[in-house]
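Please keep the structure open while reading them.

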Amino acid sequence: MAVFLSEIKSPGLFLVKNIQGSDTTRLLEMGITPGIKLEVIRRAPLGFPVEIKIRGYLLSLRESEAKCIEVEE
Amino acid sequence: MEFDFQTGVAFGMLAIVLVYLTNRFVLTPIRRSKTSPDHNCGPDCKCEH
Amino acid sequence: MSKEPLTIALVGNPNTGKSTIFNALTGLRQKIANYPGITVEQKVGTSIIGGVLHKIIDLPGAYSLNYKKLDERIAYETLIGSYEHEEIPDLALVVVDSSNLDRNLYLATQVMDLGIPVMLILNMSDVAKGKGISINPDLISNSLGVPVVAISAKNKSDIDQLKQKISESDLEVPEPLKWGPDDSLKEAMNLLINEWIKPYTNIPESARSIEALRLISEGEFNNAFYQFEKEEKGKSTIKKARELVEKGGGNPMATEVLSRYNFIGECTSNASSITSQTKASLTDRIDAVVTHKVAGPVIFTLVLLFMFQAIFSWATPFMDMIDLLFVEGGNWVANTLPEGMLNDLLVDGVIAGLGGVVIFLPQILFLFFFIYVLEGTGYMARAAFVMDGFMTKVGLHGRSVVPLMSGFACAIPGIMATRTIENWRDRIITIMVLPFMACSARLPVYALMIAAFIPSTTILGIFTLQGITFFGLYIFGIVMAVLAAFVMKRIFPTGQQTPFIMELPAYKMPKWSVVFQNTAERGKVFITEAGKIIVAISIVLWFLASFPKTEMPVLTQTDNTEYNSSFDVTENPESYQLRHSFAGQFGKIIEPVIEPLGFDWKIGIGLITSFAAREVMVGTLNTIYSIEEEDGESSTLKEKLINDVNPETGQPVYSIATAISLMIFFALAMQCMSTIAIVKRETNSWKWPTAMFVYMTALAYLSSFIAFQIGSNL
Ligand SMILES: Nc1nc2c(ncn2[C@@H]2O[C@H](COP(=O)(O)OP(=O)(O)O)[C@@H](O)[C@H]2O)c(=O)[nH]1
């Protein structure tokens with residue numbers, strides 16, 4: 001079942017399904033492409049940003065970006 | 001106040017310093033503002049999305 | 001193989017080791033300049049490779065040529081030769097982080113489309129190896145079609161290998177569009193190039209396909225940096241091109257990126273392999289603690305507290321030494337040189353003024369040392385991650401943390417560093433509140449006031465009341481910045497949440513030579529830039545304080561009754577001279593305005609001169625007090641302040657209330673010409689610096705007024 005990254009509360013491994021939204025170029029350019037593995041590491045003190053591991057490196061995303069990323073377990 | 005060698009040097013230094021400060025804080029800013037920076041990124045520059 | 005001198009550009013993602021390679025190649029043959037009209041630093045140097053002197057340019061870090069921020073645009077523009085003073089590079093060295101190959105190669109495939117020779121540097125080989133990643137450079141080279149060299153920039157012999165490879169380079173231009181755009185994207189590019197880019201813009205031929213791709217992805221041209229005609233035609237052609245892509249089943253925003261990543265995947269899947277590790281890496285283990293929900297903010301606060309306590313206490317012995325040196329030096333000159341005006345000017349103007357500057361060098365060096373260490377280790381990004389939630393609440397941005405922290409050193413680099421904030425509104429709010437951060441120029445004033453008027457009681461064993469006051473002043477600045485940002489967030493229309501995509505680089509031991517070099521550079525800039533102005537102003541001040549020459553009326557017992565109020569029996573001739581000098585008269589004029597804040601005319605002079613730079617205040621007081629002092633032994637400024645008495649009342653001039661009021665005034669007032677100048681340059685209008693000056697100074701006056709009135713009535 002596909003959910004948005006913004007809704008994931010606990011760490012875990014996911015598969016990127018789709019990137020949607022009005023300004024997604026930079027997310028794609030950073031390597032968040034459909035079919036790639038994405039690991040949710042943790043959330044910052046007030047819930048966002050969320051820290052993920054993608055293609056072997058760590059990235060921090062705000063809620064607005066996390067909402068653009070559809071993932072699947 | 002008598003005008004001796006030391007007084008001369010002291011006033012010479014003052015003159016140099018005044019020229020330096022005018023150049024630094026008056027002339028250079030004026031010159032800079034004239035050559036308008038065309039690569040400047042301000043509110044109207046949309047390179048910030 | 002080339003024997004011609006070349007222009008070689010280093011390009012790559014941030015934190016891949018470009019600067020390290022640049023330094024290794026150029027050694028000391030480098031200079032830092034600014035790009036015309038903007039304040040981004042450009043590093044250019046020369047290097048002898050294979051007996052030929054080449055020019056090396058270090059470009060700002062970029063993730064993509066489809067720029068989203070100024071740094072990236074500069075890298076792009078330099079590569080396509082759009083700057084008049086800089087020709088198109090003859091060779092682009094794309095520096096990539098081997099431990100993070102895929103994302104790094106994205107930029108590499110873009111640079112390969114620019115029609116210039118490319119060489120790929122797989123840097124950080126040692127790091128990749130440690131992560132269990134092994135890469136075959138030859139296979140990468142084959143599939144990309146560019147020469148590849150794997151190095152570790154920290155290793156001297158690897159740099160020699162790199163040089164060797166450069167001198168052997170045949171400077172072949174890589175095959176364009178090797179990543180293989182699909183037919184509809186190709187068609188769309190050709191349409192855009194032929195119908196608009198080629199006839200109506202001055203984009204260099206080699207850069208046309210990259211620009212076409214950029215426009216198709218963006219869908220609009222936002223104030224393009226190049227010249228163009230027929231804007232309407234441009235817009236409609238971009239629209240047509242995007243429609244072509246959509247007809248082919250692609251998404252104009254994604255097609256190019258996905259094709260490139262497919263191509264990269266093919267290249268790396270057979271050329272690199274990873275022996276998977278199960279145990280958490282060091283970075284993961286550290287992050288589990290420092291980015292923890294509760295521990296993270298606590299650690300961040302402790303880091304700051306430790307930093308400022310250390311700056312204050314570790315620097316003290318050095319400062320005392322410097323102080324002593326200048327006092328002794330002054331005495332020596334005073335006694336060696338024949339008496340006269342030059343003697344006075346040197347001792348009371350130049351040496352006293354200079355001493356007032358140099359004394360703060362230790363603190364500045366410590367501060368920048370810490371900042372560069374935090375940056376070099378990768379902790380700064382964690383601080384931004386941990387703080388972003390809090391920062392967005394008050395209208396700032398996680399990325400504001402680093403500029404704001406740089407603001408502790410100096411508002412100017414901090415304001416320049418706001419360029420990493422992509423959203424204009426976030427950026428302007430950060431700029432507007434940044435000068436509240438206690439910059440190092442305030443240190444002198446804080447340090448002097450604290451040393452003179454706050455007792456050094458020890459608290460909790462390791463902290464002193466002085467250290468805590470010092471820390472408190474920094475916190476005060478932060479709180480004011482937050483409040484101001486909160487108010488501004490209400491004033492400026494709220495946009496939607498802005499993108500915040502930030503890499504958290506792996507922790508590294510900072511390269512100490514770079515840390516020391518950068519720290520020394522800051523110190524040098526402080527001494528030469530601030531120092532020049534301060535000494536100049538000290539000289540002017542000395543003249544203002546020494547003229548017009550007035551003789552104190554000679555005292556006799558008989559005409560004791562005839563003295564007017566401006567003359568006091570206990571006053572010495574120097575003080576009398578100062579009060580009647582130009583400076584004294586001017587200070588007297590503004591005295592009524594600043595009196596409610598607890599300031600006298602001497603501080604008034606200091607406030608005026610400190611507009612040149614805040615630390616000038618101390619130099620000014622130094623000058624005023626050394627002039628005022630009776631001939632004989634010099635004592636330190638601190639002692640003079642404590643002992644200064646008002647000749648009319650006999651009370652000490654400085655009460656604790658005055659000291660606190662003055663520190664608050666310095667914490668809040670916009671007293672720095674350079675900051676105003678830089679804000680003007682960064683925002684390209686006088687509106688923002690004017691607003692900044694007015695609101696900060698008003699706030700300072702009000703706060704000091706309240707503080708002094710409360711303090712002196714307690
Ligand atoms: N282990 C290792 N560290 C490196 C290497 N190259 C650079 N570094 C470190 O990586 C960090 C970032 O390097 P820097 O040159 O500032 O990167 P830039 O942002 O691309 O200019 C510094 O701490 C360097 O010391 C390398 O080959 N191996």
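1. In this predicted model, a polar backbone atom of Asn15(C) is 2.9 Å from an oxygen atom of the ligand. Gly17(C) also has a backbone N or O atom 3.0 Å from a ligand oxygen. For Thr20(C) the side chain is involved: one of its N or O atoms lies 2.5 Å from an oxygen atom of the ligand. The ligand taken alone exposes 580 Å², and the protein buries 85% of that.

2. There are 16 residues around the ligand, and Lys18(C), Ser19(C), Thr20(C), Asp126(C) and Ala153(C) come nearest. By class, this shell has eight polar, five charged and three nonpolar residues. Helices H1 (18-26) and H4 (125-130) of chain C each supply at least two residues of the shell. H1(C) gives the most, with three residues.

3. Chain C also touches chain A, through 44 residues from chain C and 34 residues from chain A. The area buried between the two chains is about 3,300 Å², and carbon and sulfur atoms give 58% of this area. Of the area that chain C buries against chain A, Met253(C), Phe385(C) and Ile501(C) supply 21%, more than any other three residues.

4. Twelve residue pairs are in polar contact between chain C and chain A. Four salt bridges are found across the interface. Asp284(C) and Lys53(A) form a salt bridge through their side chains, at 3.5 Å from N to O.

5. Which element gives the largest share of the side of chain C that touches chain A? H15(C) does, with eight residues. By class, this side has 19 nonpolar, 13 polar and twelve charged residues.

Methods:
Residues are numbered from 1 along each chain as its sequence is written. Chains are lettered from A and ligands numbered from 1 in the order in which they are written. This is a predicted model: local features need pLDDT of at least 70, side-chain atom pairs count only at pLDDT 80 or more; totals for chains, interfaces and linings use all residues. Side-chain values use heavy atoms; hydrogens and water are left out. A residue is near a molecule or strand if one of its heavy atoms lies within 4 Å of it. A polar contact is a pair of N or O atoms within 3.5 Å; within protein, one must be able to donate a hydrogen and the other to accept it, and residues adjacent in sequence count only if both atoms are side-chain atoms. Accessible areas come from the Shrake-Rupley method with a 1.4 Å probe; for residues, only the protein chains shown count as cover. Helices (H or I, at least four residues) and strands (E, at least two) are DSSP runs, numbered from the N terminus. Ala, Val, Leu, Ile, Met, Phe, Trp, Tyr, Cys and Pro count as nonpolar, Asp, Glu, Lys and Arg as charged, and the others, Gly among them, as polar. Contact means heavy atoms within 4.5 Å. Buried area is the accessible area (1.4 Å probe) that two parts lose on being put together, summed over both.
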